[in-house]
Amino acid sequence: MKTEKELEEAIELYANMVRKICFIHMKQECDVDDIFQTVFFKYANASSFQSLEHEKAWLIRVTINTCKDSLNSWFRKNAILQDDFENLYTENIVEDSIVLQAVLTLPPKYRDVIYLYYYEGYKIHEIAKILNKKENTIHTWMKRAKERLRDIIGGDDFE
């Protein structure tokens, strides 16, 4: 169990990262807030971490899994989403909303590798470890994601 001070420090350090991951998956501000709270509730009850990198990787994995769980929930599958994507606050997430909108159209596995590689700066082998996949799988997903983004946006911006 984490102390209140440890929780506050973690939120200060990782809040933007967790929100970005949530936004990439959930696409709605209210859902982002719900997942954010859930992730840090889980963090508060987690045991200690080996290092800051281990802590960060744990938060990424928990955030992605919590988003997937929410998206696969019975309620979500049977609810009608009312917020229009155009009304969301994409300018706070990344500078280039065209790229973000293209990334958001990708399947979740491709979104995750693009986000972790380009926005968090992880290397392929680190992404493989975080997502518990083989490096070749991550290479394949990255290649396919880049191809889809090139088709959507055009050009060679993803090298």
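My entries follow in the order in which I made them.

I note first that this is a predicted model, where local features need pLDDT of at least 70, side-chain atom pairs count only at pLDDT 80 or more, and totals for chains, interfaces and linings use all residues. Residues are numbered from 1 along each chain as its sequence is written, and side-chain values use heavy atoms, with hydrogens and water left out.

I looked up the secondary structure and found eight helices and zero strands, the elements being DSSP runs numbered from the N terminus (helices H or I, at least four residues; strands E, at least two). Of the 159 residues in the chain, 42% are buried, that is, under 20% relative accessible area with a 1.4 Å probe, protein chains only.

After helix 7 comes Asn132, with a positive phi near 60°.

Last, I asked which residues line the largest pocket. I listed Gln50, Glu53, His54, Ala57, Trp58, Tyr122, His125, Glu126, Lys129 and Ile130. Helix 3 (52-71) and helix 7 (124-131) are the elements that give two or more residues to this lining. A pocket here is an open set of points on a 1 Å grid over the protein atoms alone, where a 1.4 Å probe fits, with protein on both sides within 12 Å along at least five of seven lines, and lining residues have an atom within 4 Å of a point.

Notes. Buried means under 20% relative accessible area, exposed over 50%, partly exposed in between (1.4 Å probe, protein chains only).
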